[in-house]
Amino acid sequence: MSDVAVEITGLKKSFGPLEVLKNIDLTVQRGDVVCIIGPSGSGKSTLLRCVNVLEEPNGGKIVVNGVELTDPDVDIDSARTKIGMVFQGFNLFSHLNVLANLTVAQRKVLKRSEEEAKKVALHNLERVGLSEKAHSMPAQLSGGQQQRVAIARALSMDPEVMLFDEPTSALDPELVGDVLGVMRQLADEGMTMLVVTHEMQFAREVADKVIFMDGGYIVEEGPAAEVIGNPQEPRTQEFLARVLDPTHHGPSDPV
Amino acid sequence: MAMSKRKRAEYIRYAQYGLLVVIAALVAFLADWGQIKGAFFNTEIAASMFPSVITVALKNTIIYTALGFAFGLALGLVLALMKLSSVAPYRWIATVYIEFFRGVPALLVFIGIYYGVPIAFQMQFPPLTTVMLALGGVGAAYMAETIRAGIQAVPKGQVEAARSLGMSQGRAMITIVIPQAFRIILPPLTNELILLTKDSSLIYILGLFREQYELTKFGRETLSRSPSLTPILIAGLCYLIITLPLGYLSRYLERRGTSGKKKVSA
């Protein structure tokens, strides 16, 4: 298989008259961690949701794991089994316990045996440090635990790429670390990851590449140290100044 | 100096209590208790109704209701999915069905199926099938709207999570959305069941054998042979045997539903 996990060219997406993604080109190498940062409304979540076609693009081409997802005849369900996704709001299946959350798609989609699905699920629960919660209901878990279960659920499908849509934004501050720890461990294991995040520290330390988006465009991209440590574009500088030192800024003015 | 607001509210409340007492006294004074006792509490007639009021009538009411509810639930689910379909004709058919059967009295549906079908199709459904189709057909119209609302109440993120794991639209609906929707709509569905229990009495327009009588028919039939309204009272109490527990069940489910801490094996 090629070294390119995700290749996006000329991606356009509008919601009605609102152009959210204007012309996005993006390549993610296999094994890379790419963090997407930018102000709210910049289109970063929409970009991520286009990668597994939860949002249908209006133009451009998306190739993931060698499969062109923008091909109208593509088997999107089968392609999605190779693309794990973790949501801001966890989205655990609230009527199923933790173990069933991890096995249901393995059983129904991958047609794994109950025994195998359970084995895979327990292995992944162990990876996120929640083996003892296998029989809890999602509502009984803290936000951080729910998100780690959600990561284990995605991993149970043996994905080749993982998408994270602001995975820590809905968490209490003291729970963020657990989730980021699991993500860092995944990155160390060589998982290809696309992460929309506001955690600059995480992006700086873990990302191979950082992308700054604003107004539906990729404004700046490059190694984490450069984009976060020494941004070249004024919009990137302005955004990072606000994020890294929020107390020393007045109300935002239109730039 | 005018009365304080609190004092005035207190006097108004006393006035309301007083009025209630006066009305109750008037009713008690005007009613002929001897007649009422004879009309509704004839123990001899009441005793004569047992045990068949339970072994035949109550049993049949439950059977008819269960059949109607089962058929109505299945048809209602199909209609709800049609109503949510992206295929426009499905939506139209479902809308027309729901509006029609919600809008006409259940009695007319019973008559239509019992007398209309033999004329139109040269076939006659047995009573059990008729009651299932008529009761279920009407119930489906109500339940379809309830189920549709339940499906729409399931958070969108649940479907997105299911789709992101490779489930098809239909698979996500069956495995993830519908189980959660039913959990949400259990209380209103229990109310539908109570309404259907009472509507099952409409079967009286069908020509029935004695062993097919349900509570209302049984009560009316006993009534025609006795100089007392006692059979109606007994039949009414028997309905309460079914509906009161259902009402409690509905409220219990509602409480449990809002607590959000349900232990369910998967």
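Colleague: How many salt bridges are counted between chain A and chain B?

Modeller: The count is two salt bridges. This is a predicted model, in which local features need pLDDT of at least 70 and side-chain atom pairs count only at pLDDT 80 or more, while totals for chains, interfaces and linings use all residues. Residues are numbered from 1 along each chain as its sequence is written, chains are lettered from A in the order in which they are written, and side-chain values use heavy atoms, without hydrogens and water.

Colleague: Why is the meeting of A:Asp77 and B:Arg163 called a salt bridge?

Modeller: The term requires a side-chain nitrogen of Lys or Arg within 4 Å of a carboxyl oxygen of Asp or Glu. The side chains of A:Asp77 and B:Arg163 meet at 3.3 Å, N to O, so the pair qualifies.

Colleague: What makes up the contact between the two chains?

Modeller: Chain A gives 29 residues and chain B gives 23 residues, contact meaning heavy atoms within 4.5 Å. The area buried between them is about 2100 Å², that is, the accessible area (1.4 Å probe) lost on putting the two parts together, summed over both. In chain A, A:Asp77, A:Phe93 and A:His95 lose the most area to chain B.

Colleague: Why are S1(A) and S2(A) said to pair?

Modeller: Pairing requires that DSSP find at least two bridges between two strands (E runs of at least two residues). Eight bridges join S1(A) to S2(A), so these strands pair; they run antiparallel.

How values were computed:
Helices (H or I, at least four residues) and strands (E, at least two) are DSSP runs, numbered from the N terminus.
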